[in-house]
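Please have the sequence and the structure open while reading.

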Number of protein chains: 2
Amino acid sequence: MANIKDVARQAGVSIGTVSHVINNTVPVRGVTRDRVLEAVKELDYHPNSVARSLQSRRTNTISLVLPTTERNLEEHSYLSELLAGIMDESRHHSFDLLLSASCPETEELSIYRRMVRGKRVDGCIITCTKENDERIVYFLEEDMPFVAFGRSNEEWDFPYVDVDGKAGVHQGVRYLIELGHRRIGFMGLPSELMCSRHRLEGYHAALEEEGLPFDSSLVTEGKASQAGGYHAMKKLLDVEPSPTAIMTSSDLMALGAMKAASEKGLSVGGDISIVGFDDIQLASNYHPPLTTIRQPTYKIGVMLCHMLIQLIRGEKLSERQIILQPELIVRGSCARKR
Amino acid sequence: MANIKDVARQAGVSIGTVSHVINNTVPVRGVTRDRVLEAVKELDYHPNSVARSLQSRRTNTISLVLPTTERNLEEHSYLSELLAGIMDESRHHSFDLLLSASCPETEELSIYRRMVRGKRVDGCIITCTKENDERIVYFLEEDMPFVAFGRSNEEWDFPYVDVDGKAGVHQGVRYLIELGHRRIGFMGLPSELMCSRHRLEGYHAALEEEGLPFDSSLVTEGKASQAGGYHAMKKLLDVEPSPTAIMTSSDLMALGAMKAASEKGLSVGGDISIVGFDDIQLASNYHPPLTTIRQPTYKIGVMLCHMLIQLIRGEKLSERQIILQPELIVRGSCARKR
DNA sequence: CTGTTAGCGCGTTCAC
DNA sequence: GTGAACGCGCTAACAG
């Protein structure tokens with residue numbers, strides 16, 4: 001396989017000259033230039049990206065790490081859209097994407113250490129932020145460019161994009177209240193997740209705003225999967241008096257909840273109302289179509305990636321912390337209380 | 001950031017020795033060894049993977065390229081499970097995964113060229129194979145290790161894992177026939193995809209086996225998305241006399257079809273029967289639960305990755321071509337014809 | 001056992 | 001404008 005030396009020999013010039021014409025780093029005389037270009041074509045020469053990285057100390061690669069607890073990605077229901085956004089944007093800037101999942105067995109930070117200290121990537125994107133998130137501490141310590149999908153400790157200054165989950169849930173619950181519901185259940189996420197708290201706050205805020213009492217037996221905590229929603233729903237339906245409406249924390253949970261409700265003979269969007277969160281592709285095509293809180297997931301992916309690349313390039317971010325407002329999408333899974 | 005030289009200085013040994021203790025390439029005396037290890041710890045030294053790659057001509061990275069036509073990954077409904085399988089297996093072998101999507105705008109092969117000639121990765125996984133697939137030709141020409149999820153031209157010898165789509169569809173259609181259906185529609189995929197043909201063959205084979213006539217107005221071709229299934233279903237329901245059962249080529253299509261049927265006032269699993277293909281997570285949790293042909297997607301991901309890594313390591317594959325048998329999973333979306 | 005040295009392929013001064 | 005030489009951080013071959 002041809003390297004820069006071969007091209008130089010073939011073109012009858014020196015290595016330096018080849019490098020210059022390839023990278024447009026110094027003007028080269030037309031004739032010489034053409035000779036080089038021709039040699040490049042003839043030999044089908046492509047610069048060795050590894051050697052380039054070694055020299056330039058830049059890999060042109062970013063890393064996305066999914067915190068995974070199970071042997072599947074189901075909980076990351078927004079993944080395909082987020083990925084699409086990240087990939088489109090990174091390709092647009094000629095960056096590659098290294099995808100990893102932290103596994104249950106090995107210590108989570110070890111994977112980052114390998115990436116960061118091993119100079120495997122120029123920057124990282126993380127999701128599912130927690131309070132006192134050790135990944136953030138690590139990146140900050142190491143001065144590694146990164147952006148997070150989600151907030152963490154308020155006193156920390158780091159770049160992130162997040163959705164105002166509190167406002168989103170607030171909207172959803174208020175909508176349910178407007179429909180006449182008084183006993184409204186809430187399906188939360190694992191409490192270590194920051195977004196879990198924000199969404200719970202939204203639930204509290206909406207109840208308070210409307211002067212409704214808080215009943216802890218109407219609140220569950222579980223994974224953002226269908227299984228999670230299914231089990232949570234079973235629990236909520238056993239409460240007496242049982243809720244007539246449920247605010248969930250993810251569309252997948254909502255689908256699981258719908259299943260549990262159907263199995264109990266309840267008609268969703270009739271006997272019981274359910275609101276999702278995310279607005280994944282499926283939501284609008286479900287039966288009944290899911291009323292949900294929309295997150296612009298694709299766009300978030302684009303933003304995250306764009307911010308990270310700016311960071312890597314040493315450019316200043318116009319906004320270091322971005323909080324997007326989600327939007328209530330009314331479809332068919334909710335009904336006026338009867 | 002510390003490099004091998006710093007460690008050597010700190011430990012009072014030469015860089016060669018440091019390299020040896022790190023890589024266990026040559027036995028080193030206990031005392032020296034310990035001194036080195038201590039220095040490594042003190043400086044929090046991690047070998048620079050780029051430099052390593054340059055030297056070893058191995059990147060320990062594999063690449064998965066998704067052929068994407070749209071700005072999202074919806075058609076790759078099996079993606080999250082396939083990815084999970086690939087990631088688990090690659091991590092298990094300490095390989096990283098570089099994820100790319102070919103975009104509509106740029107020529108598809110250019111992305112591979114950059115990967116292959118630029119020595120960016122040690123091997124590739126491709127999906128959605130076609131006839132005369134130019135990616136396969138390229139990898140073969142370049143002698144680049146790769147495995148495909150799907151077959152291509154029969155005369156080509158390359159490693160792949162595939163599912164016997166013909167047998168799968170055959171099973172599904174036979175099942176529908178056994179339920180008494182006589183007018184059975186088939187939703188195919190874009191015809192350039194190899195799996196599209198195999199599945200269509202299964203449809204033909206089943207009809208023939210049972211002596212049922214083929215009616216081309218009952219066959220559609222479209223994307224493996226909900227939208228694709230939705231539109232296909234609308235078309236099929238307009239045919240006179242309309243089909244009482246539909247065999248689809250993907251679960252997502254089936255869900256879209258179910259939506260279209262519901263909108264027409266048809267009850268799925270009652271008035272009309274629908275069979276999916278894939279058995280994604282959602283299938284069993286849908287309402288009604290989807291009868292489908294199961295592909296072991298996670299396992300396929302593991303196998304693909306494992307084969308590729310064996311190839312990269314120069315090991316012999318026990319099986320170069322693997323065709324898995326799919327399995328009919330009977331759930332609630334089909335009923336006896338009435 | 002340990003140290004020295006020559007590349008891996010490329011970008012980049014600095015002379016010419 | 002162009003070319004020679006050095007160095008990025010590491011491994012491997014060879015000497016000691």
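Helices α1(A) and α3(A) are oblique to each other, a term for angles that are not under 35 degrees (roughly parallel), over 145 (roughly antiparallel) or 65 to 115 (roughly perpendicular). This is a predicted model, in which local features need pLDDT of at least 70, side-chain atom pairs count only at pLDDT 80 or more, and totals for chains, interfaces and linings use all residues. Residues are numbered from 1 along each chain as its sequence is written, while chains are lettered from A and ligands numbered from 1 in the order in which they are written.

**Helix pair in chain A**

- Helix α1 (residues 4-11) and helix α3 (residues 30-43) of chain A pack at about 125°, and their axes are 9 Å apart.
- Helices (H or I, at least four residues) and strands (E, at least two) are DSSP runs, numbered from the N terminus.
- Axes are lines fitted to C-alpha atoms, for helices over the stretch in contact, and angles run from 0 to 180 degrees between N-to-C directions.
- From α1(A), D6(A), V7(A), Q10(A) and A11(A) meet residues of α3(A) including R35(A), V36(A) and A39(A); contact requires C-beta atoms, placed from the backbone, within 7 Å.

**Chain A with chain B**

- In this interface, 45 residues of chain B are in contact with 45 residues of chain A.
- Helix α5(B) gives the most to chain B's side of it, with eight residues.
- Strand β2 (residues 96-102) of chain A runs antiparallel to β2(B), joined by three bridges; strands pair if DSSP finds at least two bridges between them.
- Across this pairing, L97(A) stands opposite L99(B).

Methods
Two residues are in contact if their C-beta atoms, placed from the backbone, lie within 7 Å.
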